[in-house]
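Keep the viewer open as you read.

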Amino acid sequence: MKALVIEDNPNLATSIATVLGEAGFQVETCDDGQAAEQWLRHLSFDLILLDLGLPNLDGIHVLRRLRARQDNTPVLIISARDDLDQRVLGLEEGADDYLGKPFSLVEVVARAKALVRRAKQFGEKSLHCGDVELPPDSPAVLVNGEPVTLHRREREVLEYLLINQGRLVSKAQLIDRLSDLDDAITPSAIETYISRLRKKLGDSIQLRTVRGLGYLLDTQLLDTKPH
């Protein structure tokens, strides 16, 4: 589970990151709203903890832009703005939960786990792109309705690409995403898995290599031969 803590109080951010790390999260921290906005445009997380009073871009605007991109990552607002109007505003803009400061770090962990668990339950559905369907908790992918067996690594890579279809995914992101698995991941291994996916999936989807940057999966590019 990957969490992003967007909080400009360094001591609080460190404390939250520590307890979430102890609870099994991989945690990144950011103390600036504008920087957080850029992170969220290019990186994927399982949970976002968002302060509202941020420099350069208010937390509400970060949240508003996130939801405008149809990004449904669970968001837990953590803010000193704890009056009813602010809570209502945060929830109306798309936050999943709201925790007013001061709060217990134990409660932060409990709410964080609950949001991720709920998102997983609602997210247990097939992923689609072109003629490819990836059912949940299945070792096979369906290509034109026919099952094609995938290696565990191949499935993890495909799942991440499907979740981020239409967005550039770097090798570093794939390595980082798979880093909680038992075996080591290398850039050359990612290249191997991408090559195997292309062979197994054929022309059912368009998986392009953007030289020096990463990979792009997009149904709008089905007429273009992959690199």
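Is L127 buried, partly exposed or exposed? With a relative accessible area of 23%, L127 counts as partly exposed; the scheme calls a residue buried under 20% relative accessible area, exposed over 50%, and partly exposed in between, using a 1.4 Å probe and protein chains only.

Before going further, some ground rules. This is a predicted model, where local features need pLDDT of at least 70, side-chain atom pairs count only at pLDDT 80 or more, and totals for chains, interfaces and linings use all residues. Residues are numbered from 1 along each chain as its sequence is written, and side-chain values use heavy atoms, with hydrogens and water left out.

Back to L127, which sits in strand β6 (residues 127–129). Helices (H or I, at least four residues) and strands (E, at least two) are DSSP runs, numbered from the N terminus. If you skip neighbours within four places in sequence, L127 is in contact with V132, E133, L134, E159, L162 and I163, where contact means heavy atoms within 4.5 Å. V141 is 14 residues from L127 in sequence, and their C-alpha atoms are 9.8 Å apart in space.

Now jump to D51, in the loop between β3 (47–50) and α3 (59–68). UniProt, in an unreviewed entry, lists D51 under "modified residue: 4-aspartylphosphate"; UniProt positions are given in the numbering used here, feature names are shortened, and annotations may be inferred rather than shown by experiment. D51 has a relative accessible area of 4%, so it is buried. Beyond the neighbours within four places in sequence, D51 is in contact with I6, E7, D8, G59, I78, S79 and K101.

K101 leads us to a backbone feature: the peptide bond from K101 to P102 is cis, with omega near -5°. P102 itself is in the loop between β5 (97–100) and α5 (105–122). For context, most residues other than glycine have a negative phi, and most peptide bonds are trans.

On the phi side, look at two asparagines. N56 has a positive phi of about 75° and is found in the loop between β3 and α3. N56 has a relative accessible area of 63%, so it is exposed. N144, in the loop between β8 (140–143) and β9 (146–149), has a positive phi near 55°. At 55% relative accessibility, N144 counts as exposed too.

A quick stop at helix α1 (residues 10–22), where you'll find A17. Setting aside residues up to four places away in sequence, A17 touches V27 and T29. A17 and V27 are 10 residues apart in sequence, with a C-alpha to C-alpha distance of 5.9 Å.

On a 1 Å grid over the protein atoms alone, a cavity is a set of points where a 1.4 Å probe fits but cannot get out, and lining residues have an atom within 4 Å of a point. Grid points are joined across faces, edges and corners, and a volume is the space filled by probe spheres set on the points. By this rule there is 1 cavity of 30 Å³ or more, and the largest cavity has a volume of about 40 Å³. Where does the largest cavity lie? Domain 1 (2–122) and domain 2 (127–217) both give residues to its lining, so the largest cavity lies between them; the domain bounds come from an automatic or database domain assignment. Its lining residues are R41, H42, L43, S44, N164, R167, L168, V169 and Q173. They divide into 3 nonpolar, 4 polar and 2 charged, with Ala, Val, Leu, Ile, Met, Phe, Trp, Tyr, Cys and Pro counted as nonpolar, Asp, Glu, Lys and Arg as charged, and the others, Gly among them, as polar.

Terms used. 1 Å grid on protein atoms, 1.4 Å probe; cavity = no way out; pocket = protein on both sides within 12 Å on 5 of 7 lines; lining within 4 Å.
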